[in-house]
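Keep the structure open as you read.

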Amino acid sequence: GEDAKNVVIVDLFWPEDSPKGSKPEITVTFKQLAPPKAKKGEAAPEWVPEYVPDAGLVKVTEHWLAPAKELEVATLANMLMDPPLTSVGVRMGPSSMAQLLATALRDVVDADAAYMNSGGVRAKKTYSE
C-alpha cells in the first residue's frame, strides 16, 4: 500500500527428504523498508537501507511514472462541494472523495452500482478549492 514502511516475509520450506504431506519449516522475518520517523524533539534514528535500489529499474520506473507525477499537481476540474471533498479517514469509513470516484466509475460504464477500495484513495486531505 501507500504507507508500506515495513514488510513481513514468511518463508515456507520443505526439506528435499521430507515425506509427502509433512509440514513446512516456517520462518518469519520483519524488514524495515523506510527510515523510522523521529520522535518529537529527538533526532531521527540512524538507518541504513538493507536493499539498495537498482539504478536501471529506478530509471525505467521514473519514466513510466512521469505522467502520473504530472497529475499530482494538475487541476482536472474545479468543483464546489458542500460539504468539502475529502479523502481524510477514507480507510475508516465513508469519504466524499471515494463516493465521487465510485459514482464516476459507475456512470462511465453505465452500471447499477460501483465499489471503490479505500486503498485507491490516498491523498488523506480535504480539497477546499
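Helices (H or I, at least four residues) and strands (E, at least two) are DSSP runs, numbered from the N terminus. This is a predicted model: local features need pLDDT of at least 70, side-chain atom pairs count only at pLDDT 80 or more, and totals for chains, interfaces and linings use all residues. Residues are numbered from 1 along each chain as its sequence is written, and side-chain values use heavy atoms, leaving out hydrogens and water.

**Lysine 31**
- Lysine 31 sits in strand β2 (residues 25-32).
- Lysine 31 counts as buried because its relative accessibility is 15%; buried means under 20% relative accessible area (1.4 Å probe, protein chains only).
- Its side chain makes a polar contact of 2.7 Å with that of glutamate 50. Such a contact is a pair of N or O atoms within 3.5 Å; within protein, one must be able to donate a hydrogen and the other to accept it, and residues adjacent in sequence count only if both atoms are side-chain atoms.

**Helix α1**
- α1 covers residues 55-72. The count of buried residues among its 18 residues is zero.
- Aspartate 54 caps its N-terminal end, with a side-chain oxygen 3.1 Å from the backbone nitrogen of glycine 56.

**Helix α2**
- The buried residues of α2 are Met97, Ala98 and Ala102. They lie on the same side of α2, because they cover an arc of only 130 degrees around the axis. The arc is that of the directions from the helix axis to the C-beta atoms.
- Serine 95 caps the N-terminal end of α2; a side-chain oxygen lies 3.2 Å from the backbone nitrogen of methionine 97.

Note on methods: Buried means under 20% relative accessible area, exposed over 50%, partly exposed in between (1.4 Å probe, protein chains only). The expected span of a helix is 1.5 Å times one less than its number of residues.
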